[in-house]
Amino acid sequence: MSSLGYLWLYRAIDMLDGVEIERVYSDTKTTKIMRDKISLIGISFTFDTDFLEIFKFLEKNKFAFKAAERKPSDPLIFAGGPVITSNPEPYREIFDFMIIGDGEGVNVDAVRICQELQNAPKEAILKALSKVEGIYVPSFSQPRVKKLTKRLSECIYTPIISDKAFFPNTFILEVERGCANRCGFCLASYMNLPIRFVEYEKIIASLDLGLQYTNKIALLGAQITAHPRFKDVCKYVEKRIDGGEQINMSVSSLRVDSFIPEIVNTLVKAGQKNLTLAIEAGSERLRRVINKNLTEEQIYKAIDVAIQCGLHGMKFYGMIGLPTENQEDIEEIVNLTRRIKEKYKRFDISFGFSTFVPKANTPFQWFGRDSEKSLDAKTNYLKKELHKLGVQVSVSSAKWDYYQAVLSRGDSNLTDYIIEVYKQGGKIGAFKKAAKTLGIDTDYYALETYEYDKSLPWDFIDIRPGKDFLISESKRLVSITS
Ligand code: SF4
C-alpha cells in the first residue's frame with residue numbers, strides 16, 4: 001500500500017472507459033470481480049524475493065505457475081518493476097509478458113490492446129503486445145527489448161491514503177527519478193538514467209492536494225535534493241508550518257551535499273528526527289572506487305549542520321564486501337568512527353551495514369560476492385570494535401543477500417529453482433535445499449566474478465548507457481588505487 005508505482009497505474013487504468021480494475025494482494029480473501037471475468041493480472045515486482053508472494057497468490061487462485069501451463073481461458077499475467085527491468089530472465093516462464101522500464105504509459109497501452117483484442121486468442125494478443133516498445137513477451141522472439149524512459153510530465157502521488165499502509169496515512173509524491181551520481185553498485189541510479197525532475201509548480205500542486213487529506217507527506221526520489229528547486233519546496237513547506245499548520249514531511253534519502261541548513265532546518269521543523277548518511281565505505285580510496293567520492297571533510301560538515309539544526313545523532317550506512325575491498329578499508333571504518341567520536345563528543349552515531357550484491361546492468365555486475373566466511377569475519381570485527389566506541393551496529397543478513405545475488409544475476413535456468421524454493425517453504429533453508437534437489441550451483445550466480453566478454457542473460461535488455469559504457473566504467477573504477 002505504500003508502493004507508489006502500481007497505485008498510480010491503478011489510478012490511470014481506473015480512468016479508462018470500459019475497464020474495471022481492482023487491487024488485490026497476496027492475502028486478499030474476496031474480490032469484487034469474478035475470477036472468470038478477469039482478462040489481465042498485473043503484478044508489481046519490487047524486491048527479488050517477491051516471487052514467494054507471487055507464487056502464493058497464483059496457487060491460492062488456482063493458476064499454474066508457468067505461463068505455458070495455464071489454460072487458454074486464464075487471464076494473461078504480467079509483471080513490471082525494478083526487478084523485472086534489470087533482469088527478467090529468472091521469471092521468463094512465469095509471466096505472459098513483462099514491462100521493461102517506466103510503466104506509466106505502456107501499462108495503459110497494454111490494457112488498451114487487450115481491450116481491443118479481447119475476443120482474440122492469447123497468442124494474437126501477445127503478438128500485438130510484443131510490437132510495443134518496452135514490452136517483453138518471452139514466447140515471441142525479440143532480439144532486443146528497449147527499456148522505457150519517460151519524461152516526468154506529471155507529479156506522481158499515492159491516490160489512496162491508508163492507515164494500514166507501511167507508511168500509515170502518508171501522502172507520497174515523486175519529486176525526481178534517478179540519481180546522477182552513478183555509484184558502481186547502484187541499480188537505482190543505473191536503471192533510471194538520466195535523472196529527471198518534476199516541475200516545481202506540479203510538485204506544489206500535488207503537495208497542496210495531499211495536504212487537504214493528511215498532514216503526513218513523504219517526498220520520493222533517489223537524489224531528491226538534486227532537484228534544482230528543492231530548496232524552494234522546503235521554503236514552501238516551512239512557510240506553511242510557520243503559518244500554524246502541523247506538517248510532517250520526510251524525505252527518502254539525503255546526499256551529503258544536501259546537508260545544508262536551509263534543507264535540514266525544514267526537515268527538523270517538519271518532524272524528521274533522524275538523518276542518515278550513506279557513506280558506504282570507510283576509506284576515501286574505496287569511496288572513490290565505488291564512485292561515491294565522499295570526503296571525510298564533507299562528512300564532518302554534514303555533522304556540523306546536523307548539530308547546528310538541533311539534531312543529536314546520525315545514522316551511517318555502509319556496505320561490506322565491495323569490489324577491491326581489503327582489511328585496511330574495513331579498519332578505516334573503525335578509525336573514521338573514532339575520529340568522529342573524538343571530534344563530536346556528545347553526538348550519537350549508529351551504523352547499518354549491508355553486504356554487496358552484484359546487480360544486473362550496473363558497472364559492478366561482473367563482480368562476485370565475498371564468501372560468507374569472510375563477510376562474517378568482517379562484520380564480527382566491526383560489531384566488536386564499533387561497540388567498544390559506543391556505536392550501535394545493525395547488519396543485514398549475508399545469507400539473504402547471497403540469494404538476492406543469485407536472483408539478480410539469474411538466468412532462465414532458475415525458474416524451476418524458484419518454484420522449488422516456494423514449494424519447500426520459502427525460508428532461507430529452502431533456497432539451499434532446492435538447489436541441492438535440482439543440482440543448481442548457486443555459487444556460480446552469487447560468488448563468481450565473470451569475464452567482461454561473457455554474454456550475460458540480461459544483455460538483450462537495451463538500457464542506457466549500454467554495456468560498453470558499463471565495461472569501461474567498471475574498469476576505470478576498479479583500477480583506482482588511492
Ligand atoms: S548516491 Fe545513492 S542513489 Fe545515488 S548512485 Fe550512489 S548509492 Fe545510488
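Predicted model: local features only at pLDDT ≥ 70, side-chain atom pairs only at ≥ 80, totals over all residues.
1. Domains. The protein is divided into three parts, with domain 1 covering 4-146, domain 2 covering 151-272 and domain 3 covering 274-482. Between the C-alpha centres of domain 2 and domain 3 there is a distance of 26 Å, and the contact between these two domains draws 19 residues from domain 2 and 27 residues from domain 3.

2. The domain 2 side of that contact. Two elements, α6 (187-190) and α9 (261-269), each give two or more residues to the side of domain 2 that touches domain 3, and it is α9 that gives the most, with four residues. Sorted by class, this side of domain 2 has 14 nonpolar, four polar and one charged residues.

3. Helices α1 and α4. Helix α1 (residues 4-14) packs with helix α4 (residues 106-116) at an angle of about 40°, their axes being 10 Å apart. Angles of 65 to 115 degrees count as roughly perpendicular and those under 35 degrees as roughly parallel, and α1 and α4 are therefore oblique to each other. The crossing of α1 and α4 is right-handed. On the α1 side the contact is made by Leu9, Ala12 and Ile13, and on the α4 side by Asn107, Val108 and Val111; by class, this contact has five nonpolar, one polar and no charged residues.

4. Ligand surroundings. Around the ligand stand Cys179, Asn181, Arg182, Cys183, Cys186, Ala188, Ser189, Ala222, Gln223, Arg255 and Ala278. By class, this shell has six nonpolar, three polar and two charged residues.

5. Cis peptide bonds. Leu193 and Pro194 are joined by a cis peptide bond whose omega is about -5°, and Pro194 is found in the loop between α6 and β8 (196-197). The peptide bond from Arg464 to Pro465 is also cis, with omega near 5°; the place of Pro465 is in the loop between β15 (461-462) and α18 (467-478).

6. A positive phi. Although Lys62 is not a glycine, this residue has a positive phi of about 60°. Its location should be read together with that angle: Lys62 is in the loop between α2 (51-60) and β2 (76-80).

Key: Residues numbered from 1 in each chain as written. Near = placed C-beta within 6 Å. Nonpolar A, V, L, I, M, F, W, Y, C, P; charged D, E, K, R; others polar. Axes fitted to C-alpha atoms, helices over the stretch in contact; angles between N-to-C directions. Parallel < 35°, antiparallel > 145°, perpendicular 65-115°, else oblique. Left-handed = near helix turned anticlockwise from the far one by under 90°. Contact = placed C-beta atoms within 7 Å. Domains from an automatic or database assignment.
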